[in-house]
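Here's a quick briefing to read alongside the model. Keep the viewer open and click along as you go.

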Amino acid sequence: MHNTDQGFMARALELARKGLYSTHPNPRVGCVIVAGGRIIGEGWHARAGEPHAEVHALRQAGDRARGATAYVTLEPCSHHGRTPPCADALIAAGLKRVVAAMRDPNPQVAGNGLARLQQAGIEVHCGVLEAEARSLNAGFVKRMEQGLPLVRVKLAMSLDGRTAMASGESQWITGPAARAAVQRLRARSSVVLSGADTVLADGALLTVRPDELGLGAELTALAAARPPLRVLVDGRLRVPLDVPFFQAGPALVATCAAAAARERFLEEGHELLAVPGSNGHVHLGKLLAELAARGANEVLVEAGPRLAGAFARQGLVDEYQLFVAPKLLGSSARPLLDLPLARMAEALELKIVDLRAVGDDWRIVAVPKGRD
């Protein structure tokens, strides 16, 4: 590895992050092409079906790419999908060296892209800033390796760990900056998921509000063009079709109720998905597997204590995003999670990986121990 490799790869990762809100179901990828110690071309993947990062960078570099080095945050693809293989484009451009942050976990690639480059006489190095690259595409990696999406649970609470008054009143616990951060969490997700209780009690829409993202015109437009799939977990079909949630656009309803209502939902522009369950409760693991099969990389759970607690109890949560407001709601207010535990030994241990102020509130990012 050359001394400058990390610096150029850091720039490629910076470019890849521009696709945070728009590449689903593809991974976020950036590429820079360097000759004589200077960047002569760079690019990033914006959305599925459009050119990959390497193609944008090669177009910018032009003939100067011959004999140059390409830095790419993910192994160049070697298969025909919606676009031709990037490995072939790099070979045709006459690159001398390719540095990849990580191998592609997609079984259709999985080292084949790097092997194709080596067979063409290109020097290949892999593993530069690999941890950062994996983190950027943690949902894509998990889907490819485990057949499940990354599950992120968003919770807003007071300092005394309460999420709503006893009456159910909860707007607004946190301030505008925290709410904008939640909008960005929604925009980066493949799926935003909630339960019947939240939709009925709060009139939740789970939509992305572009004017609150604070991303700039280009990224806001990309995010708005690829809204996340809104999923309602409603095992007994308790939520009527005339609530605001269904008026806000197409949604998928996961239920274990009889499929007789399917046509009624289709007529209103929604999909009814039958998922196995028991006692009217959807089997959450099977639902996640189905969402992954549909290309979901990241699932954001915005739900009440019961559904969020069910995800936690079943060990399905990869990351908690807790927004903490400097308020005390009192002992009669509703708890953060429905998580009945009898002994200290049963406590779910978390590791805090980030803590920062968001306006007047605080955001804690925590992961179950052993998953960091």
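This is a predicted model: local features need pLDDT of at least 70, side-chain atom pairs count only at pLDDT 80 or more; totals for chains, interfaces and linings use all residues.

Residues are numbered from 1 along each chain as its sequence is written, and side-chain values use heavy atoms, with hydrogens and water left out. Helices (H or I, at least four residues) and strands (E, at least two) are DSSP runs, numbered from the N terminus. Buried means under 20% relative accessible area, exposed means over 50%, and partly exposed is in between (1.4 Å probe, protein chains only).

**Nonpolar cores**

- In soluble globular proteins, nonpolar side chains tend to be buried together.
- A nonpolar core here is a set of buried Ala, Val, Leu, Ile, Met, Phe, Trp, Tyr and Cys residues joined through side-chain atoms within 4.5 Å.
- The largest one has 50 residues, and Met9, Ile33, Leu95 and Leu117 have the most contacts inside it.
- Helix H1 (residues 5-16) is the top contributor to this core, giving six residues.
- There's also a second, separate core of 34 residues, with Val153, Val299, Leu336 and Leu337 among its members.
- Zoom in on leucine 95 and you'll find that, leaving out residues up to four places away in sequence, its contacts (heavy atoms within 4.5 Å) include Ile33, Leu58, Ala65 and Ile122.

**The largest pocket**

- On a 1 Å grid over the protein atoms alone, a pocket is an open set of points with protein on both sides within 12 Å along at least five of seven lines, whereas a cavity is a set where a 1.4 Å probe fits but cannot get out; lining residues have an atom within 4 Å of a point.
- Grid points are joined across faces, edges and corners, and a volume is the space filled by probe spheres set on the points.
- The largest pocket has a volume of about 1,100 Å³.
- It is lined by 31 residues, and Ser135, Ala138, Arg152, Arg188 and Glu319 are the closest to its centre.
- H6 supplies the largest share of that lining, six residues.
- Other elements giving two or more residues include H5, strand E6 (150-158), helix H7 (176-188) and strand E18 (361-368).
- By class, the pocket lining has eleven nonpolar, four polar and 16 charged residues; Ala, Val, Leu, Ile, Met, Phe, Trp, Tyr, Cys and Pro count as nonpolar, Asp, Glu, Lys and Arg as charged, and the others, Gly among them, as polar.

**The cavity**

- The structure holds one cavity of 30 Å³ or more.
- The largest cavity has a volume of about 90 Å³.
- Of its 18 lining residues, Thr23, Asn26, Arg28, Asn297 and Glu298 are the closest to the centre.
- Helix H6 (residues 138-146) gives the most to the lining of this cavity, with three residues.
- The cavity lining splits into five nonpolar, nine polar and four charged residues.

**Cysteines**

- A disulfide is a pair of cysteine sulfur atoms within 2.5 Å, and a search of the whole structure finds zero of them.
- Cysteine 31 has its nearest cysteine sulfur, that of cysteine 86, 8.5 Å away.
- Cysteine 31 has 0% relative accessibility, so it counts as buried.
- Cysteine 126 is too far from a partner for a bond, because its closest cysteine sulfur, in cysteine 31, is 14 Å away.
- Cysteine 126 counts as partly exposed because its relative accessibility is 32%.

- Histidine 24 and proline 25 are joined by a cis peptide bond, with omega about 0°.
- You'll find proline 25 in the loop between H1 and strand E1 (30-35).
- Leucine 206 has a positive phi, near 65°, in a residue other than glycine.
- Leucine 206 sits in the loop between helix H8 (196-202) and helix H9 (217-225), and it is buried, with a relative accessible area of 3%.
- Leucine 237 also has a positive phi, near 55°.
- The loop between strand E9 (229-233) and helix H10 (244-247) holds leucine 237, which is partly exposed at a relative accessible area of 22%.
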